[in-house]
Amino acid sequence: MSMVAQRATTGDDHQAGTPVSENLDKLLRETRRRLYAAAAASDRDILADVQTLPDSEIDAMERRLRGGLRNAELDHRRAVARLMSADTPLPFADAATEFFAPEPTTVSQYSTDAVSAQMRSEVFQQSLNVPGLADLGFTKGMPVVEPPTMSANPGDMLLVVSENGRAEDGVSVATRIDARLDTPSRIVLAGARTVNPGSHTRVRSAEELTELRGEFPADVLIVCLVNSRVPSHQRNANRLVENHDFNQVWVCVDARADAGQITRTVTDLPGEAIATHVAANHAWEARQPGNVLQTGVPVVLIDGAPASTALWSLVAQDAHDRLIRHSS
């Protein structure tokens, strides 16, 4: 059993020693069994009438039935994917990731040396059997990625930068990181309460962050900072970043924005920080979710869920379905 499954236990399930992932798996399998059983029963009921129809109408009915089953299964998979969203308790979110574990691969996202056009095409064809990737923002094809691992060493400092007016995105991402680290860690809110509200440990200046670092030298500090447009807040954020070394720089982006805005969000950071990780929010509502891949910085979280090839396929399929509905 994977570490994810071992950790995904709560309440009575934990007491009984049954992982939440096993319960989810049982529920999903039972749902699928009933779906196909109902379809088979319906098919038997109308068999006599169908036999009197022309072959063309029988073929049309079969196509509709298969299309309905396919749509139902996609809805089923999307429901599992949404279990991994930021609104889902972590044990259930972690358990849901097991349903989307891709085949092991050594290639990285958009690595042109390792990922051939044929491989990207094969990944795409498995999930989206129609053209139109560029319309969804996937200008370089579907990403082929390994399941991300969130790790840090004792004493590391991680910076999580959220957009102006979206401080809650940074806290949500920091919470996901904090829950998945194996080393002692704490979330730190940087800046004034008016721009970065919350109840976690707070530092208002670079000096206060230095003091906190000295007070907890072995803890991983996950520092949440808002990229504010207020000049005084900008100056404070610049000093804080310039006076400390961050082992990772996470940037929260709104996947609904256009490619230019997303790139500015990732590159225009306080203290000239260099982004190492991107956390994409609102990907399920984005018209072009692939835009977040165009910055060159790895996308590690999709709406709070660890990014993977399979999850990207679901997001692309969902965006494509919405595109077709809106254009018809």
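**Notebook: contacts, sheet, helices and loops in a predicted model**

I began with the contacts of the protein, taking a contact as heavy atoms within 4.5 Å, and among those between residues at least 6 apart in sequence I found that 71% join residues at least 24 apart. I note that this is a predicted model, in which local features need pLDDT of at least 70 and side-chain atom pairs count only at pLDDT 80 or more, while totals for chains, interfaces and linings use all residues. Residues are numbered from 1 along each chain as its sequence is written, and side-chain values use heavy atoms, with hydrogens and water left out.

**Confidence**

I looked up pLDDT, the predictor's confidence in each residue from 0 to 100, and the protein averages 75, with 59% of the residues scoring at least 70. Helices (H or I, at least four residues) and strands (E, at least two) are taken as DSSP runs numbered from the N terminus. Confidence is highest in strand β5 (residues 248-254), at a mean of 97, and lowest in helix α1 (residues 3-7), at 38. Over residues 1-17 pLDDT stays under 50, and the model has 29 contacts beyond four places in sequence for them. Where pLDDT is low, the predicted coordinates should not be read in detail.

**The sheet**

I counted 12 helices and eight strands in the protein. Two strands are taken to pair if DSSP finds at least two bridges between them, and the eight strands form an open sheet of mixed pairing, in the order β3-β2-β4-β1-β5-β6-β7-β8. β3 (201-203) and β8 (305-306) stand at the edges with a single partner strand each, so one side of each is left without a neighbour in the sheet.

I then went through some of the pairs. β1 (residues 157-163) and β4 (residues 220-227) are parallel and share seven bridges, and S162 has V226 in β4 as its bridge partner. β6 and β7 also run parallel, joined by three bridges, with V278 partnered by V299 in β7. β7 and β8, in contrast, pair in the antiparallel sense over two bridges, and there L301 stands opposite P306 in β8. The hairpin of β7 and β8 has two residues between the strands, and in it D303 takes a positive phi near 50 degrees.

**Helices against the sheet**

I took axes as lines fitted to C-alpha atoms, for helices over the stretch in contact, with angles from 0 to 180 degrees between N-to-C directions. Helix α11 (residues 259-267) lies across β1, β5 and β6 (277-281), and runs at about 155 degrees to β5. Helix α12 (residues 309-327) lies across β7 (299-302) and β8, at about 60 degrees to β7.

For burial I used relative accessible area (buried under 20%, exposed over 50%, partly exposed in between; 1.4 Å probe, protein chains only). Of the 328 residues of the protein, 46% count as buried. In α12, 14 of the 19 residues are buried, so the helix is largely enclosed by the rest of the structure.

I checked helix lengths against an expected span of 1.5 Å times one less than the number of residues. The 19 residues of α12 should span 27 Å, and its end C-alpha atoms are 27 Å apart, which agrees. For helix α8 (residues 167-180), whose 14 residues should span 20 Å, the end C-alpha atoms are 21 Å apart, which agrees. Buried residues in α8 include A167, V171, V173, A174 and I177.

**Loops**

E272, in the loop between α11 and β6, has a positive phi of about 55 degrees although it is not a glycine, and at 72% relative accessibility it is exposed. H282 lies in the loop between β6 and β7; its phi is near 65 degrees, again positive in a residue other than glycine, and at 23% it counts as partly exposed. L293 is also placed in the loop between β6 and β7, but it is buried, with a relative accessible area of 2%. The C-alpha atoms of L293 and A255 are separated by 9.7 Å, the two residues being 38 apart along the chain.

**Cysteines**

I searched the whole structure for disulfides (pairs of cysteine sulfur atoms within 2.5 Å) and found zero. C224 is in no disulfide, and its nearest cysteine sulfur, that of C252, is 7.9 Å away. C224 is buried, with a relative accessible area of 2%, and C252 counts as buried at 2%.
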